[in-house]
Amino acid sequence: MSNTAKRKQNNFIVQGSILAIASLLSRIIGLLYRVPMTNIIGDEGMGYYSNAFIVYNIALIVSSYSMPLAVSKLVAAYSVKKEHKNSYRVFKAATIVAGASGLVVSLIIFFGADFFAGVIFKSPRSAIPLRMVAPNIFLMAIIGTLRGYFQGKNTMMPTSVSQLLEQIVNAFVSVFAAYNFMVANSASASIAAYGASGGTLGTVIGSCAALVFLGFVYFAYRPIIKKQVRRDTLSHEEDYPTIYKLLLLTIAPVILSQTVYQLSGLLDNAIFGNIMTIKGFTSEQHSALLGIYSSKYSLLVNVPVAIASAIAASMVPAIVRARVQGANKEVKRKIHIAIKFNMIIAIPSAVGMTVLAQPILNMLFQTNDEDSAQLAIRLLAMGSIAIVFYALSTISNAVLQGVNKMSIPVKHSAISLAIHVVIVAALLYYTDMGVYALVIGNITFPLVVCILNWISIGRLLNYQQELLQSFLVPTIASFVMGLVAFWGYKGIHFLVHSNAIATFLSIGLAAFVYFVFLVLLKGITEDELNGLPKGHVIVNVLKKLHVL
């Protein structure tokens with residue numbers, strides 16, 4: 001196969017890598033601004049912030065979260081057949097649907113904020129940040145259709161840049177507004193909730209910046225769209241009722257599947273708040289515990305999971321294009337590459353966060369409450385394995401959606417949610433595990449989805465993932481990396497007496513050792529390295545070092 005053909009076949013990994021890098025940088029920016037924001041509004045404020053975002057995320061899913069996937073899937077299917085009129089009609093129809101649903105749901109959340117916060121979470125003050133973030137549901141609906149259209153056209157660059165811009169603006173506004181809202185409401189008993197509303201204001205302003213950028217790209221690209229539409233004189237033009245039906249058939253299962261995912265968080269918070277109240281905890285106390293769980297453990301665990309989400313976003317239209325062309329072997333090859341690539345990232349991320357939980361959290365979050373600090377460390381060390389299971393469940397969901405088995409992830413997520421609720425409620429009610437029960441639930445939920453998804457994928461596609469290079473080699477290399485990270489930190493900290501310097505240097509050293517062992521153990525090949533952005537540069541460096 002020629003180098004050009006290889007590059008073309010690996011394009012989804014290149015596009016996915018671009019989006020993964022942008023998503024990872026966005027998560028890192030999100031992590032960095034959450035640190036001063038947590039220091040400003042405290043664990044109690046972060047608890048209100050978490051409750052607001054649980055409701056917001058579900059509202060986003062119901063209104064428009066699935067739109068990028070649906071639009072990219074349908075646009076890719078029409079574009080590969082050169083049906084540019086239909087692909088553009090999909091975009092226009094999706095914009096109308098997303099705008100209308102986004103506006104309606106925004107209004108429901110804005111006017112129903114007191115009900116969601118007071119009745120569901122037993123945390124009335126959470127209504128303040130929830131009401132502030134409600135308009136963002138409408139903004140994200142429009143943003144989603146634009147991102148989906150460009151992804152369907154096989155370019156992730158507009159999505160990547162808009163994500164980074166959104167998060168940068170979000171970071172600055174969130175910290176600035178949180179501080180100023182706290183100062184302006186310093187005499188109020190709800191001061192922490194007002195601080196949290198400053199954080200949610202940053203989300204809205206960040207989305208405004210992303211929408212302006214995507215609008216600029218769209219209008220710059222519009223002459224090309226019009227030229228493609230004019231040249232498309234052969235394809236049958238789908239009527240709008242047919243397109244709306246296709247959108248609905250694509251969107252509905254994704255909405256249900258993602259709603260189940262987000263329901264796990266909502267139910268966790270609701271069950272936790274209610275049972276802890278029964279056990280005698282005040283609203284401020286259980287909000288603070290929830291703040292530690294969401295703003296420290298969950299925040300860090302979700303950083304590497306962003307890579308899986310990015311690869312999944314590029315994978316769905318790539319699988320659709322391959323299936324439309326009847327290239328079933330290519331579908332299996334893309335599945336293999338996507339899973340392997342994710343495990344190469346997810347497994348060492350889980351190990352690294354386990355062995356370096358204490359220095360990472362001490363570096364990022366400064367607190368005078370030693371009990372709170374130790375609790376966060378134990379949560380992260382205990383629960384970072386969830387990174388691997390979330391990465392696998394995200395990719396396996398994308399595989400099933402790409403092969404048009406949209407309802408299967410919904411069923412599997414629902415089964416997993418039922419098991420999850422029983423486990424979390426039983427642990428909270430019958431034991432004194434407290435917030436540790438949420439961590440156990442956060443591990444078991446994606447694990448069950450993984451198992452069920454892979455049974456279905458094996459049956460439907462007659463596909464089995466090879467284990468050596470995808471799982472065993474990354475695990476061995478991660479074990480060595482973990483030892484280097486742990487003892488490297490100890491040694492460097494002994495020499496420099498600085499937690500931050502020792503943490504950064506030990507992470508860098510561990511990453512280098514992991515990558516060297518991964519290559520030495522044949523966990524990644526030269527062809528696979530060349531398929532990455534700037535892969536030829538990496539290959540040349542490794543050859544000079546006599547590693548490859």
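## A walk along helix H18 and its ends

Start just after H18, where His-497 takes a positive phi of about 55°. Helices here are DSSP runs of H or I with at least four residues, strands are runs of E with at least two, and both are numbered from the N terminus. Before you click on, know that this is a predicted model, where local features need pLDDT of at least 70, side-chain atom pairs count only at pLDDT 80 or more, and totals for chains, interfaces and linings use all residues. Residues are numbered from 1 along each chain as its sequence is written, and side-chain values use heavy atoms, leaving out hydrogens and water.

**Stay on His-497.** This residue sits in the loop between H18 and helix H19 (499–520). Most residues other than glycine have a negative phi. Is His-497 buried or exposed? His-497 is exposed, with a relative accessible area of 64%. Exposed means over 50% relative accessible area, buried means under 20%, and partly exposed is in between, using a 1.4 Å probe and protein chains only.

**Now select H18, residues 468–496**. H18 has 29 residues and spans 39 Å from its first C-alpha to its last, close to the 42 Å expected at 1.5 Å a residue. That expected span is 1.5 Å times one less than the number of residues. Colour the buried residues of H18 next; among them are Ser-470, Val-473, Pro-474, Ala-477, Met-481, Gly-482, Tyr-489 and Ile-492. What covers them? The cover includes helix H12 (328–355), helix H13 (357–364) and H19, where a contact means heavy atoms within 4.5 Å.

**Step back to Asn-462.** You'll find Asn-462 in the loop between helix H17 (436–461) and H18. Asn-462 is not a glycine, yet it has a positive phi of about 50°. At 64% relative accessibility, Asn-462 counts as exposed.

**Zoom out to the whole chain.** How many helices and strands are there? The chain has 21 helices and zero strands. Buried residues make up 56% of its 548 residues. Of the contacts with a separation of 6 or more, 83% are between residues 24 or more positions apart.

**Finish by colouring on pLDDT**, the predictor's confidence in each residue, from 0 to 100. The chain has a mean pLDDT of 83, and 90% of its residues reach 70 or more. For the last stop, select residues 1–9: pLDDT stays under 50 there, and the model has six contacts beyond four places in sequence for this stretch.
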